[in-house]
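Subject: A structure for you to look at

Hi there,

Here is the structure I promised to hand over. Please open it and keep it beside you while you read my notes below.

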Amino acid sequence: FGVSFGHTVGNSVALGASYEFADYGSTDTRYKTGEYYNGVFDSYYEDSESDEVMNRHTGNTLRGVSTLKLGAEFKPAPEVAVRFGYNYVSPMYKKNGFKDGSLASEASYYSSATDFTNWEATHRVTCGIGFQLDQFNISAAYQYDTQKGYFEPFVSWTDFDNPSDSNIADVKKIEKKRHQLLLTATYNF
């Protein structure tokens with residue numbers, strides 16, 4: 001669900017804010033149960049079941065995500081707009097969340113990836129300028145995203161009876177930063 005608010009000040013300033021929420025912890029993972037003939041499932045979409053084991057793990061690992069978007073636009077002249085924005089997206093995974101490839105789950109049996117990154121919140125800043133000339137519009141924008149997380153190449157496994165047989169992954173703190181320049185041109189008929 002989401003809510004948004006907007007307000008204008010005269011003819012030259014526009015302000016906006018929005019909030020969105022998505023509950024990933026209640027995701028229903030399903031797997032196909034139809035018969036398999038000549039490389040194709042019959043009843044491809046109709047025959048499926050909830051993967052109860054995976055759904056319990058999802059409920060324990062994922063959570064609701066909040067997204068906050070703030071923006072402002074200033075028009076120093078009728079044909080010029082200067083824009084600024086900020087987005088915050090909360091983490092999807094709980095702090096101690098991880099991908100458990102050892103689950104006795106149909107969905108886990110089909111998975112081939114072992115690595116996992118528990119990403120923290122995303123922060124995004126934007127600024128831009130737009131020009132309107134009759135029916136032609138051109139906008140340029142800069143966007144910067146940053147996000148930190150913890151990378152695991154595979155799920156650690158501890159053998160309590162024989163600790164030397166344990167397989168422990170080194171968790172690495174990582175950070176991604178992304179800079180983008182965006183250009184949009186439109187023509188209105």
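Let me start with a term: a residue is buried when its relative accessible area is under 20%, exposed when it is over 50%, and partly exposed in between (1.4 Å probe, protein chains only). Please keep in mind that this is a predicted model, in which local features need pLDDT of at least 70 and side-chain atom pairs count only at pLDDT 80 or more, while totals for chains, interfaces and linings use all residues. Residues are numbered from 1 along each chain as its sequence is written, and side-chain values use heavy atoms, with hydrogens and water left out.

First, the aromatic rings. Rings of Phe, Tyr and Trp (its six-membered ring) pair if their centres lie within 6.5 Å; planes under 30 degrees apart are stacked, over 60 edge-to-face, and the rest tilted. The count is four aromatic pairs. One of them joins Tyr93 and Phe116 edge-to-face, with 5.0 Å from centre to centre and 90° between the planes. Tyr93 sits in the loop between β8 and α2 (106–110) and Phe116 in strand β9 (residues 116–133), so this pair ties together parts that are 23 residues apart in sequence. Phe116 is buried, at a relative accessible area of 8%, whereas Tyr93 is partly exposed at 23%.

Next, the sheet. Helices (H or I, at least four residues) and strands (E, at least two) are DSSP runs, numbered from the N terminus, and two strands pair if DSSP finds at least two bridges between them. Seven strands form an open sheet in the order β1-β2-β7-β8-β9-β10-β11, with antiparallel pairing. Its edge strands, β1 (2–9) and β11 (172–187), each pair on one side only. Between β1 and strand β2 (residues 13–23) there are eight bridges in the antiparallel sense, and Ser4 stands opposite Ser18 in β2.

Now a helix. In α1 (residues 52–61), the buried residues are Met54, Asn55, His57, Thr58 and Thr61. Looking down the axis of α1, you find them within an arc of 160° (taken from the directions from the helix axis to the C-beta atoms), so they line one face of the helix. Arg56 and Asn60 are exposed on the other side of α1.

Finally, look at Glu79, in the loop between β7 (64–77) and β8 (80–89). Glu79 is partly exposed, with a relative accessible area of 39%.

Enjoy exploring!

Best wishes
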